[in-house]
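Work through these exercises with the structure open. Try each task before reading its solution.

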Amino acid sequence: WNAEEEPKKPRGNGTHKLIEDTGEVIERIPLNTGEEFEIRESYAAELKRLYPIVDIPQTLREIRGWFLANPTRLKTASGIRRSINTWMKKEKIF
């Protein structure tokens, strides 16, 4: 075992993209920095593939509304995708 031979794992700092974010912006989620995380058509399509029974556009509007009403709970750029994923997992249960 040699630490130099082991590939480095990407860090979850929000700067890397797991899927190519392309297309129009369909929703914006506020972040704790005052900026907004843009949900593009390609990311929404991936969410639809992962959660086919969830109404993705409506759920994204609900997420935005919840964060606007709860500004002390806003997420970081590196944590917003995890928050969206958790929300979608809960939606598919109902």
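**Exercise 1. In which sense do strand 1 and strand 2 pair, and over how many bridges?**

Solution. Some ground rules come first. Residues are numbered from 1 along each chain as its sequence is written, and side-chain values use heavy atoms, with hydrogens and water left out. This is a predicted model: local features need pLDDT of at least 70, side-chain atom pairs count only at pLDDT 80 or more, and totals for chains, interfaces and linings use all residues.

Step 1. Locate the elements. Helices (H or I, at least four residues) and strands (E, at least two) are DSSP runs, numbered from the N terminus. The protein chain has 3 helices and 2 strands. Their order from the N terminus is β-β-α-α-α.

Step 2. Apply the pairing rule. Two strands pair if DSSP finds at least two bridges between them. Strand 1 (residues 25-30) and strand 2 pair in the antiparallel sense, over 5 bridges.

Step 3. Check the partners. V25 stands opposite R40 in strand 2. P30 stands opposite E36 in strand 2.

Step 4. Look at the turn. The hairpin has 5 residues between the strands, and G34 takes a positive phi near 95 degrees there.

**Exercise 2. Which residues of strand 2 lie on the covered face, and which on the uncovered one?**

Solution. Step 1. Recall the pattern. In a regular strand the side chains alternate between the two faces of the sheet.

Step 1. Sort the residues. Strand 2 spans residues 36-40. F37 and I39 form the covered face. E36, E38 and R40 form the uncovered one.

**Exercise 3. Which residues touch the most other members of the largest nonpolar core?**

Solution. Step 1. Buried means under 20% relative accessible area, exposed over 50%, partly exposed in between (1.4 Å probe, protein chains only). A nonpolar core is a set of buried Ala, Val, Leu, Ile, Met, Phe, Trp, Tyr and Cys residues joined through side-chain atoms within 4.5 Å.

Step 1. Read the core. The largest one holds 16 residues. I29, F37, I39, L47, L60, I84 and M88 touch the most other members.

Step 2. Trace the sources. Strand 2, helix 1 (41-50), helix 2 (56-69) and helix 3 (80-93) each give two or more residues to this core. Helix 2 supplies the largest share, 4 residues.

Step 3. Follow one member. Contact means heavy atoms within 4.5 Å. Leaving aside neighbours within four places in sequence, I84 is in contact with I29, F37, I39, Y43, L47, L60 and I63.

Step 4. Widen the view. Buried residues make up 24% of the 94 residues in the protein chain.

**Exercise 4. Why do D21 and E27 count as buried?**

Solution. Step 1. Take D21, in the segment before strand 1. D21 counts as buried because its relative accessibility is 15%.

Step 1. Find what D21 touches. Leaving aside neighbours within four places in sequence, D21 is in contact with R40, S42, Y43 and R81.

Step 2. Take E27, in strand 1. E27 counts as buried because its relative accessibility is 14%. Not counting residues up to four places away in sequence, E27 touches F37, E38, I39, L60, R61 and R64.

**Exercise 5. How many aromatic pairs does the structure hold?**

Solution. Step 1. State the rule. Rings of Phe, Tyr and Trp (its six-membered ring) pair if their centres lie within 6.5 Å; planes under 30 degrees apart count as stacked, over 60 as edge-to-face and the rest as tilted.

Step 1. Count and classify. There are 3 aromatic pairs. W66 and F67 have ring centres 5.2 Å apart and planes at 80 degrees, so this pair is edge-to-face. W66 and W87 have ring centres 6.1 Å apart and planes at 70 degrees, so this pair is edge-to-face.

Step 2. Join them. W66, F67 and W87 form one aromatic cluster.

Step 3. Compare cover. W66 is partly exposed, with a relative accessible area of 30%. F67 counts as buried at 2% relative accessibility.
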